[in-house]
Amino acid sequence: MSHADTELSERPMKPAIWHGLRRRCPNCGDGAMFEGYLKVADRCPVCQEELLHHRADDGPAYLTILLVAHILGFGMHFMWVQFRPDPFVMGTILAIGAVGLSLYLLPRLKGMVVGIQWAKRMHGFGQSV
């Protein structure tokens, strides 16, 4: 097996996704993937894996909206059928829930997308290396 074959060998997808959801380096799982809230670090501080070329673009935002809308849609139906709250109270609760859930999920889903890109050796969506 040549050096090029080992360099381009398949990377494990499931651990990369799991590390990404934990906002950790997809390679080692120990170093922080982000500098701040959403900026992907140039390199992993532990294993020195280059991460700067991974661009998630709108994928994580789309996934976040998809998940939050489905969760809150179910929650809205459940609240209305079980409790019949005042619409202002219900709107306030759902708005706070939407913001909180979005802020929680967005960096995790971005980490997951970057983990998938790393495992598939992609540099942003649609660009294969």
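The protein has 4 helices and 2 strands, where helices (H or I, at least four residues) and strands (E, at least two) are DSSP runs numbered from the N terminus. Read from the N terminus on, these elements run α-α-β-β-α-α. The model is predicted, so local features need pLDDT of at least 70 and side-chain atom pairs count only at pLDDT 80 or more, while totals for chains, interfaces and linings use all residues. Residues are numbered from 1 along each chain as its sequence is written, and side-chain values use heavy atoms, with hydrogens and water left out.

Two totals describe the protein as a whole. Of its 129 residues, 33% are buried; buried means under 20% relative accessible area, exposed means over 50%, and partly exposed lies in between (1.4 Å probe, protein chains only). Among the contacts with a separation of 6 or more, 56% come from residues 24 or more positions apart. A contact means heavy atoms within 4.5 Å.

Helix 4 (residues 87–119) packs with helix 2 (residues 13–21) at an angle of about 150°, and their axes are 7 Å apart. Axes here are lines fitted to C-alpha atoms, for helices over the stretch in contact, and angles run from 0 to 180 degrees between N-to-C directions. Helix 2 and helix 4 are therefore roughly antiparallel, since angles over 145 degrees count as roughly antiparallel, under 35 as roughly parallel, 65 to 115 as roughly perpendicular and the rest as oblique. Helix 2 passes helix 4 in a right-handed crossing. A crossing is right-handed if the near helix is turned clockwise from the far one by less than a right angle, and left-handed if anticlockwise.

Which residues in helix 2 meet helix 4? They are Met 13, Ala 16, Ile 17, Gly 20 and Leu 21, and their partners in helix 4 are Arg 108, Gly 111, Met 112, Gly 115, Ile 116, Trp 118 and Ala 119. Ala, Val, Leu, Ile, Met, Phe, Trp, Tyr, Cys and Pro count as nonpolar, Asp, Glu, Lys and Arg as charged, and the others, Gly among them, as polar.

Helix 3 also packs with helix 4, at an angle of about 150° and with the axes 8 Å apart. Helix 3 and helix 4 are therefore roughly antiparallel, and helix 3 passes helix 4 in a right-handed crossing. By class, their contact has 20 nonpolar, 3 polar and 1 charged residues.

Next come the aromatic rings. Rings of Phe, Tyr and Trp (its six-membered ring) pair if their centres lie within 6.5 Å; planes under 30 degrees apart count as stacked, over 60 as edge-to-face and the rest as tilted. By this rule there are 2 aromatic pairs. The rings of Phe 74 and Phe 78 have centres 6.5 Å apart and planes at 20°, so this pair is stacked. Phe 74 and Phe 78 are 4 residues apart in helix 3 (residues 59–82), so about one helical turn separates them. Phe 74 is exposed at 59% relative accessibility, and Phe 78 is partly exposed at 40%. Phe 78 and Phe 83 have ring centres 6.0 Å apart and planes at 80°, so they are edge-to-face. Phe 83 is exposed, with a relative accessible area of 58%.

Finally, Arg 23 has a positive phi of about 65° and lies in the loop between helix 2 and strand 1 (34–35). Most residues other than glycine have a negative phi.
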